[in-house]
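Below is a briefing on one protein chain. Look through the sequence and the structure first, then read the notes by topic.

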Amino acid sequence: MRKTATTIVHGLLLLLTAVCLPQVVQAQEAAGKIQTERPDQTESVKLVPGRSVQLEIGYQFQKNSTQGFDAKLHAYPSALLRFGVLDWLEMRLEGAVQDSIITNGSRRKVTGYGPISLGGKVVLWEEQGLRPKAALLLMVALPVASRDFRPENPEPEVRLALANQLTDKIELAYNLMYGRAEGNNEAGYNLALYGDLTDKFTAFAEVFGSKAETEEAEHQADAGLMFFPRPNLQLDVAAGIGFNKAAPDYFLAAGLALRLPH
């Protein structure tokens, strides 16, 4: 009797999968290829489709040597959860588990979770002629984190994201940013070029930087590759270097993103 019941359950599961899977695939194809904020540093003008949920997670390693200190930072994972509320509005929740290893004659390791950030993105206007498509992002890093990574006060950041579709396969995206970071006012920029190599592979190259009011400006560059085995799934890798002494020496990143249909 138990064997018969198990066989019936397995049969029902197979039937349910056969019925539902094509609908999920069709829904994802109708929504188009997934658009993400990783593994590059430039925020996209594109939003998650309305009533959809998208999870973007990854690992990043960064090395920085300055003034006799060697610092290695691991983020494992960093995670961004995006909710498509309306066609012109998405809400966001972001955080990371991380550790820092600092050496200067002695070794010190700090482990914990970084600040939780909340915010959203809205479309301002669509692309028309030379006028780029534009979106506005507002995020606030909350003083909710492990003691060594927690800001004393909420730290807001506003970012203007712009993009021009140069050809069917090439897009130019750029950001201007201003906000608070580690108690200082900070301004930044991003400029990225994306190219579709095939239907399943997209490559990018990017330059970006930031300047805190009490520190030297940092300038960096990176490049990476994104692979789309399914319309709702992205796998990615990236690597970057610093252009000046204030910037990190280099970093490596890898991760994935998954969009769930409404």
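**Briefing on the model**

Pro77 has its place in strand β2 (residues 69-86); helices (H or I, at least four residues) and strands (E, at least two) are DSSP runs, numbered from the N terminus. The model is a predicted one, in which local features need pLDDT of at least 70, side-chain atom pairs count only at pLDDT 80 or more, and totals for chains, interfaces and linings use all residues. Residues are numbered from 1 along each chain as its sequence is written, and side-chain values use heavy atoms, with hydrogens and water left out.

**Overall make-up**

- Read from the N terminus, the order of the elements is α-β-β-β-β-β-β-β-β-β-β-β-β-β.
- Of the 262 residues in the protein chain, 37% are buried; buried means under 20% relative accessible area, exposed over 50%, and partly exposed in between (1.4 Å probe, protein chains only).
- Among contacts with a separation of 6 or more, 50% are between residues 24 or more positions apart; a contact means heavy atoms within 4.5 Å.

**Confidence**

- The average pLDDT of the protein chain is 87, and 85% of the residues score at least 70; pLDDT is the predictor's confidence in each residue, from 0 to 100.
- Residues 1-28 have a pLDDT below 50, and this stretch has nine contacts in the model beyond near neighbours in sequence.
- Where pLDDT is low, the predicted coordinates should not be read in detail.

**Nonpolar core**

- The largest nonpolar core consists of 14 residues, and Val45, Tyr194, Phe204 and Met226 have the most contacts inside it.
- At least two residues of this core come from each of β6 (133-141), β7 (155-165), β9 (184-196) and β11 (218-230).
- A nonpolar core is a set of buried Ala, Val, Leu, Ile, Met, Phe, Trp, Tyr and Cys residues joined through side-chain atoms within 4.5 Å.
- Leaving aside residues up to four places away in sequence, Tyr194 touches several residues, including Asp40, Lys169, Glu171, Phe204 and Met226.

**Salt bridges**

- The count is 13 salt bridges, where a salt bridge is a side-chain nitrogen of Lys or Arg within 4 Å of a carboxyl oxygen of Asp or Glu.
- Asp236 and Arg38 form a salt bridge through their side chains, at 2.8 Å from N to O.
- Asp236 is in strand β12 (residues 233-242) and Arg38 in the loop between α1 (2-31) and β1 (53-66), so this pair ties together parts 198 residues apart in sequence.
- Both partners are buried: Asp236 has 4% relative accessibility, and Arg38 has a relative accessible area of 10%.
- Glu171 and Lys46 form a salt bridge in which the closest N and O atoms are 2.7 Å apart.
- This pair links distant parts of the chain, with Glu171 in strand β8 (residues 170-181) and Lys46 in the loop between α1 and β1, 125 residues apart.
- Glu171 is buried at 14% relative accessibility, whereas Lys46 is partly exposed at 21%.
- Glu157 and Arg159 meet in a salt bridge of 3.2 Å, N to O.

**Second largest pocket**

- The volume of the second largest pocket is about 360 Å³.
- It is lined by 24 residues, and those closest to its centre are Gln35, Lys46, Glu171, Tyr194 and Thr202.
- β7, β8, β9 and β11 each give two or more residues to this lining, and β8 gives the most, with three.
- On a 1 Å grid over the protein atoms alone, a pocket is an open set of points where a 1.4 Å probe fits, with protein on both sides within 12 Å along at least five of seven lines; lining residues have an atom within 4 Å of a point.
- Grid points are joined across faces, edges and corners, and a volume is the space filled by probe spheres set on the points.

**Backbone geometry**

- Most residues other than glycine have a negative phi, and most peptide bonds are trans.
- The peptide bond from Tyr76 to Pro77 is cis, with omega near -5°.
- Arg38 and Pro39 are also joined by a cis peptide bond, with omega about 5°.
- Arg51 is not a glycine, yet its phi is positive, at about 65°.
- Glu182, in the loop between β8 and β9, has a positive phi near 55° and is exposed at 73% relative accessibility.
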